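Let's take a friendly tour of one protein model, from the overall picture down to single residues. Keep the structure open as you read.

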Amino acid sequence: MKNLIIFTFLYSISLLAQDNLLQGLSLTEDISEELKIIVTHLNESPIERELAEEAIAAATLINSDVKKLDKVNLLFLIKSEIYKGLLNNQYMSYSDSVQISSVILKSIREKFKKYDLNYSPMAKWIFQSIEKDLGPYEKDGFIDRYQTVNRSNIKERAKALELSKSLKYISPWIIALESKTPDQFNEMLAKISVDILKQISRKTYFFHEFSSQFATELREGLFVIPSLAPSKPEVKLPTGDASLEERSKEQKEKAEKNLETLENTQDLEGSSKAIDQLIEKEAPPKDQWTPKE
């Protein structure tokens with residue numbers, strides 16, 4: 001009976017899961033390693049239909065606009081828009097600050113090690129970039145004392161200024177890595193990736209508009225674009241059965257609450273306890289008859 005309850009619970013969660021709608025999205029040429037990472041992330045990530053439609057629309061516009069762009073200009077455009085999108089986006093607060101220290105970096109490293117399989121390749125790329133940028137400042141514990149360096153030491157003051165400038169853009173990523181679960185972080189990256197594609201499509205439009213009318217066509221397009229399956233029609237309950245509709249609504253809300261409970265549980269042992277608690281809630285009263293296993 002316990003197995004049946006677990007199966008029913010997991011099935012209710014699966015109904016809430018997003019589809020991997022951009023599974024067929026790919027590049028026709030390896031023009032940029034950064035763009036390849038973004039496309040791979042979207043290719044492998046569950047994503048809301050509206051976001052998937054925005055990504056496909058942007059990729060379609062880019063395909064149309066880049067046909068007469070040479071590789072050098074296109075590469076510069078792509079790289080600049082990707083890094084601008086990563087360093088300044090709507091999903092992270094750049095006004096918030098956190099005291100970056102070796103303790104926080106150690107915590108993030110342990111988190112990535114523990115949940116290695118849960119983080120996407122793009123998430124790992126972001127983390128490795130942060131480690132590479134901050135690595136030189138960890139030597140001799142400088143990252144723990146850069147705000148209190150001796151003002152008479154010109155060399156250390158200059159180094160502290162460099163670190164402060166870097167942290168303006170790096171610290172929001174560190175906050176996100178520290179505060180979000182792996183799935184939440186991956187989901188945020190998918191949204192940022194779609195925004196980056198949209199921004200690239202705006203810039204390729206201007207390049208296309210101002211390119212020479214005598215330019216020859218250089219490529220067919222940059223993306224292989226999948227076709228979205230028609231959205232599933234909403235299943236409507238028979239009209240007039242208010243109690244049935246209300247019961248369905250309650251079951252959906254309960255499934256969402258149960259899903260949130262598990263998502264907020266950070267380790268396997270905690271997840272097991274959470275599932276047991278949910279099973280106890282779903283279990284029928286002791287005086288109610290249930291089939292034997």
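Of the 293 residues of the protein, 34% count as buried (under 20% relative accessible area; over 50% is exposed, and in between is partly exposed, using a 1.4 Å probe and protein chains only). This is a predicted model, where local features need pLDDT of at least 70 and side-chain atom pairs count only at pLDDT 80 or more, while totals for chains, interfaces and linings use all residues. Residues are numbered from 1 along each chain as its sequence is written, and side-chain values use heavy atoms, with hydrogens and water left out.

**The overall picture**

- The protein has ten helices and two strands; these are DSSP runs numbered from the N terminus, with helices being H or I of at least four residues and strands being E of at least two.
- Among the contacts (heavy atoms within 4.5 Å) with a separation of 6 or more, 79% are between residues 24 or more positions apart.
- The accessible surface comes to about 18,800 Å², and 53% of it belongs to carbon and sulfur atoms; such areas come from the Shrake-Rupley method with a 1.4 Å probe, and for residues only the protein chains shown count as cover.

**Helix α3 and its cover**

- Helix α3 covers residues 49-65, and its end C-alpha atoms are 24 Å apart, which agrees with the 24 Å that its 17 residues should span at 1.5 Å a residue (the expected span is 1.5 Å times one less than the number of residues).
- Its buried residues include Leu51, Ile56, Ile62 and Asp65.
- Helix α8 (182-210) and strand β2 (223-224) are among what covers the buried residues of α3.
- Thr204 lies in α8 and counts as buried because its relative accessibility is 0%.
- The side chains of Thr204 and Asp65 are joined by a polar contact of 3.4 Å (a pair of N or O atoms within 3.5 Å; within protein, one must be able to donate a hydrogen and the other to accept it, and residues adjacent in sequence count only if both atoms are side-chain atoms).
- Leaving aside neighbours within four places in sequence, Thr204 is also in contact with Ile62, Val66 and Leu77.

**His41, tucked into α2**

- His41 sits in helix α2 (residues 33-44), and it's buried because its relative accessible area is 2%.
- Its side chain makes a 3.0 Å polar contact with the side chain of Ser120.
- A polar atom of the His41 side chain also lies 3.4 Å from the backbone nitrogen of Ala190.
- Not counting residues up to four places away in sequence, His41 touches several others, including Met122, Asn186 and Leu189.

**Phe127 in α6**

- Phe127 is found in helix α6 (residues 121-138), and it counts as buried because its relative accessible area is 12%.
- Phe127 and Leu177 are 50 residues apart in sequence, with their C-alpha atoms 8.4 Å apart in space.
- Beyond the residues up to four places away in sequence, Phe127 touches Ile108, Arg109, Phe112 and Leu177.

**Out towards the solvent side**

- Tyr169 belongs to helix α7 (residues 154-179) and counts as partly exposed because its relative accessibility is 35%.
- Asp140 is in the loop between α6 and α7, and it counts as exposed because its relative accessibility is 71%.
- The phi of Asp140 is near 60 degrees, a positive value in a residue other than glycine.
- Most residues other than glycine have a negative phi.
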